[in-house]
Amino acid sequence: MDALPHKPQPRLFHAILVMVLLLCLAIGTLSVWRTLVQNETHRQQELLQQEVEGLARQMETRFDYQTDAIQRMARRWSDYRRHPPAWQRDADALLEDFDNIQAIEWLDASHCIRWIRPLQGNEPAVEFQYPDDHPNLPYLQIARESGQPVLSNQFELVQGGAGLAYQIPLYRDAGGNPQFDGYLIAIFRAEALLHSLLAELPTAHLSLTLEDRRGTLFQRLRADTHYSLPPAQARVHLGDSDNFTLYSYPNAATLHNSPIPTITLIGGLLASALLCHALWLALLATRRLEALQLTNRTLQSEIARRQQVEQVLQSSQSRLQLVLDMTDYSYDALFILNLDPFEIVYMNRTCWASLGYSAEQLRNLLGICPDDVVPGAQDWLETLREQSRKGESAIYQRHARTRTGKLVPLEISVRPMKRLGIDYLVCVGRNNHQQLEATAQLERLTQIDGLTGLFNRRSFDAALAAEWRRLQRQQLPLGMLMVDVDHFKLYNDTYGHLAGDDALRSVSRALQQHVGREGDRVCRYGGEEFAILLPGADIAQCRKVADLIHAEVRQMKIPHVVEPERRLSISIGIACALPGCEHPPESLVQAADQALYEAKKAGRNRSACAELVS
Ligand SMILES: Nc1nc2c(ncn2[C@@H]2O[C@H](COP(=O)(O)OP(=O)(O)OP(=O)(O)O)[C@@H](O)[C@H]2O)c(=O)[nH]1
């Protein structure tokens, strides 16, 4: 598996970047500082060089001034030869002016010192004969051959110490021809010469050495001399000799430490540090800005997403509100229950308006005493909890009490529903008063005979079975009368079928006149036959009722062609039984039917009793 590409940490990367920049700036600043220092040193060396060269020129000028005086004496040599005291006077005067001259002497052509001034201090040189290896001999040779003054290198004086000899060839006038007559030599003490040359010149700040080919003539070095730096040097032409070199070594006085490089260095380093710090802050600010922008973008997208969700939510809410508003127009009472704990989550307008309450009133009432609104509500709620546990739908027939106290029948359809882990019951209640009425009416119609308005045969059968069971439990008798209109076929045939119907309705009314106790039931058994159930009536009571019915029919005086009374009459079969398991209910009917048969057989318009069913 390939390694994921490494993305450098921005903070570390920026830190390295800033450090590299800081390093580069520091190096650049140091480079500039070094260049400035070098330039400054170079400039100071140039200044030192100019100063040394100026000094060399001044030395040359001063030396020339002194040697000019000596040369003037040389030009008067012939006079001096004739009058030596003049030489002595002039020499002493010159020596008085130039105290750096050790001696002025005449060296004859055989290289013997003949005259010398002053004598004091130069005693060893009086009558001194130059040896053949004297170092000045080559210079003397050059001076003689060139006829020009020559300055020697330094040499060891017989008087002691080092000296320089300024040697001028002398010529004596001999009858118009100049004749070589030795040398006029001015012996300079090297150190005194340099001191006199440098006197009154601003050289105290300089570290100086003057050298010729034989070594150092003069040296004055300050303690703060920088020997590591190359010295400024200048050739010093003393007379015609260019053997002298003046060196000036840099020292603290000549190396003026300019503050500019240091200021530049410190300023540059500070500026670099500040620049890098500012860059670092800018990078941090950029990173923070990027982070802020990222956060902002995230927030924007989150806001957009939430707005979308909100729009969807609003749309859903408006749709939900539409649905809820629609439910307010429903004739059905819609409500949603949460049973644990009991709470009416929602109910539409029909719920409270149909009962005459406001929504708040109904909620409060249901919260305080639900049984006042829905009788038996507590028990019903237990039933609903059980239903909810099973997750089954069900339809209940309940009643709700209106504000005026009227009970309203409700058919309530209940369906469990689970949302977000919570069990709800969605209920739709409908006032089914009319439906119940219609059903009851239908039920009645199925039990009522259409012609007479009495219960029909089907109703009779049901009532017989029910009363049989009830009276069996109560151990009470059940009486029955089977009534049949006499010669009704003849009646129809005589008066018409419609008149027959009227007659049947009249007989029905007569039957009902005397059968009014609770549980008594008068039924049209079929055609012109009627059956009367008399729960709790014994045979005597049945007979009494039968007699009353006979009297009522007779009193109606419905005309009939049958002799002898020429009125419509009825026959009644009476039976009575104590219901028990050994006989079915039909046995009572059979007994009554048998009794009726007996009454017909006996001549009609009478009653007959069947044997009691044991
Ligand atoms: N008008 C009318 N006649 C009916 C109705 N139901 C049955 N009948 C008639 O009732 C008559 C019954 O006659 P039968 O069974 O022979 O008996 P009866 O003529 O009454 O003679 P007995 O019972 O022996 O006295 C028939 O002619 C039927 O048509 C009815 O609803 N309306």
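Which residues does UniProt list for "transmembrane region" in its unreviewed entry? The record gives residues 12-33 and 263-285; UniProt positions here follow the numbering used in this text, feature names are shortened, and annotations may be inferred rather than shown by experiment. Before going further, please keep in mind that this is a predicted model, in which local features need pLDDT of at least 70 and side-chain atom pairs count only at pLDDT 80 or more, while totals for chains, interfaces and linings use all residues. Residues are numbered from 1 along each chain as its sequence is written, and side-chain values use heavy atoms, with hydrogens and water left out.

Let's look at those two spans in the model. Residues 12-33 are 100% helix and 0% strand, with their end C-alpha atoms 31 Å apart. For residues 263-285, the end C-alpha atoms lie 31 Å apart, and this span is 100% helix and 0% strand. Helices (H or I, at least four residues) and strands (E, at least two) are DSSP runs, numbered from the N terminus.

Now step back to the whole protein. The model holds 16 helices and 20 strands. Of its 614 residues, 39% are buried; buried means under 20% relative accessible area, exposed means over 50%, and partly exposed is in between, using a 1.4 Å probe and protein chains only. The accessible surface comes to about 35,000 Å², and carbon and sulfur atoms hold 55% of it. Such areas come from the Shrake-Rupley method with a 1.4 Å probe, and for residues only the protein chains shown count as cover. Among contacts (heavy atoms within 4.5 Å) with a separation of 6 or more, 60% are between residues 24 or more positions apart.

Next, the interior. In soluble globular proteins, nonpolar side chains tend to be buried together. A nonpolar core here is a set of buried Ala, Val, Leu, Ile, Met, Phe, Trp, Tyr and Cys residues joined through side-chain atoms within 4.5 Å. The largest one has 47 residues, and Ile70, Trp87, Ile101, Ile104, Phe188 and Leu210 have the most contacts inside it. Helix H1 (residues 10-75) supplies the largest share of this core, 10 residues. Apart from this core lies another, of 27 residues, among them Ala503, Leu511, Ile532 and Ile549. Returning to Ile101, and leaving aside neighbours within four places in sequence, its contacts are Gln66, Ile70, Leu94, Leu95, Ala186, Ile187 and Phe188.

Asn243 counts as buried because its relative accessibility is 8%. The side chains of Asn243 and Asn153 are joined by a polar contact of 3.3 Å. A polar contact is a pair of N or O atoms within 3.5 Å; within protein, one must be able to donate a hydrogen and the other to accept it, and residues adjacent in sequence count only if both atoms are side-chain atoms. Not counting residues up to four places away in sequence, Asn243 touches Tyr139, Asn153, Glu211, Asp212, Arg213 and Arg235.

Asp240 sits in the loop between strand S9 (232-238) and S10. With 57% relative accessibility, Asp240 counts as exposed. Gln148 is 92 residues from Asp240 along the chain, yet their C-alpha atoms are separated by 8.5 Å.

What surrounds the ligand? The shell has 17 residues, the closest being Phe488, Asn492, Asp501, Arg524 and Arg604; a residue is near a molecule if one of its heavy atoms lies within 4 Å of it. Helix H14 (497-513) is one of the elements that supply at least two shell residues, and H14 gives the most, with 4 residues. A polar side-chain atom of Asn492 lies 2.4 Å from a ligand nitrogen atom, and an N or O atom in the side chain of Lys600 is 3.0 Å from a ligand oxygen atom. Taken alone, the ligand exposes 650 Å², and the protein buries 67% of that.

Finally, some backbone details. Most residues other than glycine have a negative phi, and most peptide bonds are trans. A cis peptide bond joins Arg117 and Pro118, with omega about -15°, and another cis bond joins Asp340 and Pro341, with omega about 0°. Arg566, which is not a glycine, has a positive phi of about 60°.
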